Amino acid sequence: MNKKQALVLGAGGFIGSHLVKRLKKEGFWVRGVDLKYPEFSPTEADEFVIGDLRNPYLVRYVIDRRFDEIYQLAADMGGAGYIFTGENDANVMHNSATINLNVLDAIKDVGVGKIFYSSSACIYPEHIQMDTENRGLKESDAYPAAPDSEYGWEKLFSERLYMSYMRNYGVEVRIARFHNIFGPEGTWTGGREKAPAAICRKVAMAEDGGEIEIWGDGKQTRTFLYIDECLEGVRRLMDSDFTGPVNIGSEELISINDLAKMVIGFSGKNLKLKHVEGPQGVRGRRSDNTLIKEKLGWAPTKPLREGMEITYRWIEEQVKKLKNSNK
Ligand code: NAD
């Protein structure tokens, strides 16, 4: 086989299923692994293994050769309603850490061209994100460490794990810290969905003249990155000599209230915001893209509005399908 071989772990998830499509377009042969198939469209992987990466035997079964590229995206994760309630902490830490330990242990013996690890903006210390006008999180802000969730602590541990395997076993790693990735074919209901998808769903389901619920006062701010630009960043990082960790995120800061108003605008409905108690995470979070520009000569540029409108239309379609199936 002359094609470059890629392994995507977490290929049934949101980013993983989009990444498989992108790698196929680029001419890779792709094996995907996940607990489940992608929910919204068939996988384009050449091979897809359903299995649990917490099982070291399964991991050795799927890492049976020296892949040119491995993308490790599998993690036990979700939005604020999953990560910040505390109810899932033990599972989040145990499951994701076990996957990363298993993967690196297998790679140590078989080898790999390069492995990508998806870390998160959730590793940054809580105390520098108390202001809605966040100045931007630089990669060096990670230490002294004080993430606001166990999810963030696990990501930080695993970043260090990947770096250790690079130091001690020569594994070529690439690490990115994703900042709120969104787009079509992402989880939009069920409890693990994140703010952009949850807001789109609430707006699409609301009756004209009604209201939608927003967790907290809605003044908390974030930056959101469209899936295509996330993948562009990942592929550029993999093709570069830069190890990271590097932010892959947008610098376009928006409050949750303004995000909701933007989506309401797409819907053409007249809706009010109703603020209710709920998990919110930090007050303000923004990516600082100085390092990615310096190392990759590239940074995301797509306006938030464009990606949000595409995402809203997709979720509106899902809501319509759901309503029709309940008739
Ligand atoms: P996702 O939940 O859609 O995808 C993760 C996939 O991992 C899921 O399909 C899940 O079934 C799979 N998985 C979990 N445990 C597994 C196990 N034991 N064995 C096999 N598969 C397992 O999430 P996503 O949004 O696609 O995120 C991908 C990666 O990027 C994750 O590591 C996540 O932590 C990281 N990340 C995402 C964002 C974001 O905004 N989406 C932000 C920061 C970091």
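# Strand β5 and its surroundings

Four bridges join strand β4 (residues 69–72) to β5, and these two strands run parallel. The model is predicted. Strand β5 spans residues 114–120. Seven of its seven residues are buried, so β5 is largely enclosed by the rest of the structure.

- Strands of a sheet pair through backbone hydrogen bonds, either parallel or antiparallel.

**β5 and its partners**

- Strand β6 (residues 173–178) pairs with β5 in the parallel sense, over six bridges.
- Tyr117 stands opposite Ile175 in β6.
- Ser118 has Ala176 of β6 as its bridge partner.
- In a regular strand the side chains alternate between the two faces of the sheet.
- In β5, Lys114, Phe116, Ser118 and Ser120 point one way. Ile115, Tyr117 and Ser119 point the other way. All of these residues are buried.

- Helix α5 covers residues 150–169.
- How does the chain get from β5 to β6? It crosses through α5, and this β-α-β crossover is right-handed.

**Aromatic residues**

- The structure holds eight aromatic pairs.
- In one of them, the ring centres of Tyr117 and Tyr162 are 4.5 Å apart and the planes are at 15°, so the pair is stacked. An angle under 30 degrees is what counts as stacked.
- This pair links distant parts of the chain: Tyr117 is in strand β5 and Tyr162 in helix α5, 45 residues apart.
- Both Tyr117 and Tyr162 are buried.
- Tyr71, Phe116 and Phe178 form one aromatic cluster.

**Charges over rings**

- Lys108 has its charged end over the ring of Tyr169, 5.5 Å from the ring centre.
- Arg192 has its charged end over the ring of Tyr82, 4.1 Å from the ring centre.

**Ile63, a loop residue**

- Where is Ile63 found? It is in the loop between α2 (56–62) and β4.
- Is Ile63 buried or exposed? Its relative accessible area is 2%, so Ile63 is buried. The cut-off for buried is under 20%.
- Beyond its neighbours within four places in sequence, Ile63 is in contact with Leu7, Ile70, Val103, Ala106, Ile107 and Val110.
- The C-alpha atoms of Ile63 and Arg286 are separated by 36 Å, and the two residues are 223 apart along the chain.

Conventions: Residues numbered from 1 in each chain as written. Predicted model: local features only at pLDDT ≥ 70, side-chain atom pairs only at ≥ 80, totals over all residues. Heavy atoms only, no water. Phe/Tyr/Trp six-rings, centres within 6.5 Å; stacked < 30°, edge-to-face > 60°. Buried < 20%, exposed > 50% of the residue type's maximum accessible area, 1.4 Å probe, protein only. Lys NZ or Arg CZ within 6 Å of the ring centre and 35° of its normal. Pairing = 2+ DSSP bridges. Right-handed = clockwise from strand over helix to strand, strands pointing away. Contact = heavy atoms within 4.5 Å.
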